[in-house]
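Student: I would like to learn how to read disulfides and strand pairing in a model. Where do we begin?

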Amino acid sequence: QAGMGAFASRLLKKDEVIAPAPALLQITDKKTLDMFELNVNGYKVDGGDPVGKQLLLNYCFGHGKSTMVVCTASSSNLINHCGPKVKGEGQCDNRGPNAVVRWATDFDPETSLWLDMSLDEIDELVEKGRRGLSLEIVALRDIRADEEIFIDYGPEWEEAWERHLSAWSPPSGNGDNYVSINEMNKDVEKYVRTVDDLETDPYPIDVRVGCFVQGFHHPCQILEETPVTEADIPHDSSALNEPRRSVYRVRLEKLEALSRWEIQYRWHFPTKSYETPLSTKYIRFFPGVYSSDQHLPGAFRQQIGVPDDVWPKQWKNL
């Protein structure tokens, strides 16, 4: 489940700040990220225990002996883990992490003041709409251009990850046929199905298919493979050094019931559906309704660990 990661775009020198990480949220009690089963009216079931944590927790920094987490507003939370028990993933090797997390020094003068506060004092300021904590990612050694950046998420994160791996099982109903969305998108040619194919060979998991045309992903059906090549489609031409992909006739459907996250969506066609040839380069799989990692029970949730000597003692309240 490693993310895409973060890579250096230029040479980074030892002790150089790689990325500032100002706090978007300062949550003094991470229990507020608990999720509960809801009844048919959308209210929490009385007496129900938490069924998981919100996905946000994976992108927050904290300490195992503290209720406090700091959720940052920068690309710093895209940096992958490299630690004593995790080797050989991506560019993570025996040298270990090449960067470390620390509290901001120069760019956020408020941080030094907040580090002396109690959690109650921070709570009062947060309720007034204030923020005052920032972290930063610093190079532990010289990092060459295009090298992946790693930090150590800490031993508690590694232990939580190992427990998750040993306990995880595919979502109900998928069994031995389970394939992740990420794997399917890495090889669309292998997994794409026409409407006729789906009658006898359904997708291995609950997915939605999107076709990228005129700047947007549209819900679509894959109708049939065509003899057309990518070179025959002006809007679908690929770079010369890219492999030639299959081309399908697809039916685009207008995306209805837009959420506030999709307000930029545009439909540029005169009817509510539109057929066009499209290569698999522009076909993508998306999780089915309520089947993404955000909703699945038992999905991995663990804060990114901040070193013990960095986390203020007065915040260690567990």
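Tutor: We begin with burial: a residue counts as buried when its relative accessible area is under 20%, and as exposed when that area is over 50%. The model here is predicted. At 0% relative accessibility, C211 counts as buried.

Student: How many disulfides are there, by the distance rule?

Tutor: The rule asks for two cysteine sulfur atoms within 2.5 Å. It gives 2 disulfides. C211 and C220 form one of them, with sulfur atoms 2.1 Å apart. C220 is buried as well, because its relative accessible area is 11%. The other joins C60 and C71, whose sulfur atoms are 2.0 Å apart.

Student: How are strands β5 and β6 arranged?

Tutor: Strand β5, residues 60-62, runs antiparallel to β6, with 3 bridges between them. A hairpin of 6 residues connects the two. G62 has V69 of β6 as its bridge partner. Strand β2, residues 17-27, also pairs with β6 in the antiparallel sense, over 4 bridges. There, I27 stands opposite V69.

Student: How do I read the two faces of a strand?

Tutor: In a regular strand, side chains alternate between the two faces of the sheet. In β6, residues 69-72, V69 and C71 lie on one side, V70 and T72 on the other, and all are buried. Strand β10, residues 148-151, is likewise covered on both faces: E148 and F150 are buried on one side, I149 and I151 on the other.

Student: Which strands pair with β10, and in what sense?

Tutor: Strand β1, residues 6-7, runs antiparallel to β10 over 2 bridges, and F7 stands opposite E148. Strand β7, residues 80-81, pairs with β10 in the parallel sense, also over 2 bridges. In that pairing N80 stands opposite F150.

Student: What do the totals for the chain say?

Tutor: The chain has 6 helices and 16 strands. Of its 318 residues, 40% count as buried. Among contacts between residues at least 6 apart in sequence, 75% join residues at least 24 apart.

Notes
Residues numbered from 1 in each chain as written. Predicted model: local features only at pLDDT ≥ 70, side-chain atom pairs only at ≥ 80, totals over all residues. Heavy atoms only, no water. Buried < 20%, exposed > 50% of the residue type's maximum accessible area, 1.4 Å probe, protein only. Pairing = 2+ DSSP bridges. Contact = heavy atoms within 4.5 Å.
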